[in-house]
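Subject: Structure for your review

Dear colleague,

Please find below the structure that I am handing over to you, together with its sequence. My findings follow directly after it.

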Amino acid sequence: MAIMNVNPTRMEMNRLKGRLSTASRGHKLLKDKQDELIRQFTKLVKQNQDLRKEMEETLQKGMEDYVLASSRTPDYVLGEAFAIPLDKITLDVQSRTVMNIEMPVLNEIYDDEKSEDRFSYGFMSTTSELDLALNHLSTILPKMLKLAEVEKSCQMMADEIERTRRRVNALEYMMIPQLEDTIDYIERTLDESERATLTRLMKSIDVIESED
């Protein structure tokens, strides 16, 4: 490890020891943060997998029913059935803080009071399969928003884990060893200087005594 370019004095050594103490505390805090981030990230990944599986199963079932319904219903009837939506929805984007990370919170907001009617069409020209398909597909939006929220949170937390890991490694493998080596170098230099001073002093005493 390269030694820092400093003057080998006690004042400089004390200053570097202070920096080393601060760096060591910072390393511990960052390591604890990294461990907690990984724990939270693992929970989010599991939640993401469960949500994706649930959403895909619901979507698959809804599409199967819709394909069956569309095979038994003329295209113009389907077009008329979906011509007028029951509800208008906007996306509300908020945030929540987890480990100092601003993570998204997504919710749907109905522009007007949610309609109590489940379907926007009559039942004379449509089939029950279409009703089943829409029942399944109507639950997709909240699941999609939750999945998008969790996936984005996973991405943001992964980025924060990587940033924290780089800072931990910089302290652990660069700054702290460099400070320790520099402090050790100053201590050895000061010890050698003290021994040299003592040797000169003893020689001076011997010279003075010999002259007497």
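I begin with Ile 186, which, apart from its neighbours within four places in sequence, is in contact with Val 6, Asn 7, Pro 8, Thr 9, Glu 12, Met 13 and Leu 16. Please keep in mind throughout that this is a predicted model.

Ile 186 also belongs to the largest nonpolar core, a group of 14 residues in which Leu 16, Leu 179 and Ile 186 touch the most other members. Two elements, H1 and helix H4 (140-211), each give two or more residues to this core. The greatest share comes from H4, which supplies 7 residues. There is also a second, separate core, made up of 13 residues, and among them are Val 98, Ile 140, Leu 147 and Ile 161.

Is Glu 12 buried or exposed? Its relative accessibility is 16%, and because the cut-off for a buried residue is under 20%, Glu 12 counts as buried. The side chain of Glu 12 forms a polar contact with the side chain of Arg 15, at 2.3 Å. When neighbours within four places in sequence are set aside, Glu 12 is in contact with Val 6, Asn 7 and Ile 186.

The UniProt record, an unreviewed entry, places a "coiled-coil region" at residues 34-61 and 147-196. In the model, residues 34-61 are 100% helix and 0% strand, and the C-alpha atoms at the two ends are 40 Å apart.

The next topic is the pair of strands. Strand S1 (residues 89-98) and strand S2 (residues 101-110) run antiparallel and are joined by 10 bridges. Which residue in S2 is the bridge partner of Arg 96? That partner is Met 103. The hairpin of S1 and S2 has 2 residues between the strands, and Met 99 takes a positive phi near 55° there.

Finally, a word on confidence. The chain has a mean pLDDT of 84, with 85% of its residues reaching 70 or more. Confidence is highest in H1, with a mean of 91, and lowest in helix H2 (residues 75-81), with a mean of 71.

With kind regards

Note on methods
Residues numbered from 1 in each chain as written. Predicted model: local features only at pLDDT ≥ 70, side-chain atom pairs only at ≥ 80, totals over all residues. Heavy atoms only, no water. Pairing = 2+ DSSP bridges. Helix = DSSP H or I, 4+ residues; strand = E, 2+ residues; numbered from the N terminus. UniProt positions renumbered as here; feature names shortened; annotations may be inferred. Buried < 20%, exposed > 50% of the residue type's maximum accessible area, 1.4 Å probe, protein only. Polar contact = N/O pair within 3.5 Å; in protein donor to acceptor, adjacent residues only side chain to side chain. Contact = heavy atoms within 4.5 Å. pLDDT = per-residue confidence, 0-100. Core = buried A, V, L, I, M, F, W, Y, C linked by side-chain atoms within 4.5 Å.
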